[in-house]
Amino acid sequence: MRNESYKRSMKTITGRRETALREAEERTTKVCLQVPRIREIQNQLQQTGGKIAKAVFSKQDSRTQIEQIMLDNIRLQQEQRQLLEASGYPTDYLEIEYFCRFCEDTGYWQGHQCECLKKLIAENNALEFNRGSSLSLASFDSFSLDYYPEGDSLHAASSHRIMTEILEFCQTYAARFQKNASSVLMMGDTGLGKTHLSLAIAGDIMKRGYTVLYVSAPDLFRKLQNEYYGRGDQGISMMDTILSADLVIIDDLGAEIENQFNTASLYNIVNTKLNAKQPVIINTNLVPKELERRYSSRVASRLMTMYQCLKFVGKDIRLIKLKNGES
Ligand SMILES: [Zn+2]
């Protein structure tokens with residue numbers, strides 16, 4: 001998987017470089033048609049390297065010759081800038097505009113992977129993780145309130161009214177989503193639409209270019225554990241991917257194996273993302289008391305106070321759908 005993400009990322013970077021070079025070429029062609037003198041200047045500037053090489057091997061005073069070539073070079077560049085300005089162009093109009101000014105779209109800078117390459121790999125990793133999920137299947141349109149009856153006696157408010165509010169909250173959350181959006185805790189029994197609505201949020205904001213990492217709790221902790229014990233893929237870690245995603249969705253918290261490693265990892269993720277002011281959506285069947293017992297009161301209280309809590313109500317939609325003969 002790591003290799004695939006790396007290849008994909010390098011392809012993007014090579015594409016960026018080709019675009020930057022082509023656009024500079026196009027700008028030059030356009031300007032030279034308008035100001036022919038600039039073509040002459042460009043030709044002379046291109047000969048600089050050859051002239052210097054010749055001077056180095058010349059029997060006469062090399063240094064004076066090289067100094068003269070450099071001086072000519074500066075004068076030519078000055079003239080070019082003046083010509084550009086006089087024709088209404090910015091003075092740096094013919095320079096190559098790289099996407100990344102550090103690595104100049106090569107992916108490597110000072111002998112290491114450039115930040116732009118690391119970011120792309122993390123994004124591609126998130127896409128890779130998401131591929132296996134039903135990320136594209138759920139939308140707000142396909143979320144039906146018909147399954148939540150009005151006036152059921154179990155709750156003070158009908159589940160229909162509560163779920164209408166929750167649906168509206170999620171739609172507004174997606175519409176107003178920003179990188180520093182609040183985190184959300186979706187609580188309630190299995191089959192009440194927590195996964196559906198969190199995936200609908202994901203689908204909505206991904207269309208606007210945000211990166212989303214969707215992962216089930218059992219998968220997440222297994223990957224973290226494999227990495228911790230050195231059995232995972234080398235390169236960009238799961239934690240890096242979690243940190244770089246604009247929104248992380250952890251589905252089905254509580255379905256994973258109960259152990260100290262998982263508890264510590266959850267604490268670490270919740271804390272790190274809160275400190276970075278980056279949103280997380282956590283879905284769980286656990287009630288507050290169970291959250292506290294499993295993950296300590298420190299984690300539970302952070303989730304209950306720092307996250308927006310949505311309490312899903314109703315009857316298991318999947319069972320109702322089965323009874324009605326729907327899939
Ligand atoms: Zn770069």
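What percentage of the 327 residues in the protein do buried residues make up? Buried residues account for 40%. The model is predicted.

**Figure 1. Overview of the predicted protein.** The protein holds 12 helices and seven strands.

**Figure 2. Buried residues of helix α2.** The view covers residues 36-46, which form α2. Four residues are named here as buried: Ile-38, Ile-41, Gln-42 and Leu-45. Down the axis of α2, the buried residues fall within an arc of 100°, so they line one face of the helix.

**Figure 3. Packing of helices α3 and α4.** Helix α3 spans residues 48-56, and helix α4 spans residues 62-86. The two pack at an angle of about 170°. Their axes lie 8 Å apart. Angles over 145 degrees count as roughly antiparallel, and the angle here therefore makes α3 roughly antiparallel to α4. The crossing of the pair is right-handed.

**Figure 4. Residues in the contact of α3 with α4.** Helix α3 contributes Thr-48, Lys-51, Ile-52, Ala-55 and Val-56. Helix α4 contributes Ser-62, Gln-65, Ile-66, Ile-69, Met-70 and Asn-73. By class, the residues of this contact divide into six nonpolar, four polar and one charged.

Conventions:
Residues numbered from 1 in each chain as written. Predicted model: local features only at pLDDT ≥ 70, side-chain atom pairs only at ≥ 80, totals over all residues. Heavy atoms only, no water. Buried < 20%, exposed > 50% of the residue type's maximum accessible area, 1.4 Å probe, protein only. Arc of directions from axis to C-beta. Axes fitted to C-alpha atoms, helices over the stretch in contact; angles between N-to-C directions. Parallel < 35°, antiparallel > 145°, perpendicular 65-115°, else oblique. Left-handed = near helix turned anticlockwise from the far one by under 90°. Contact = heavy atoms within 4.5 Å. Nonpolar A, V, L, I, M, F, W, Y, C, P; charged D, E, K, R; others polar.
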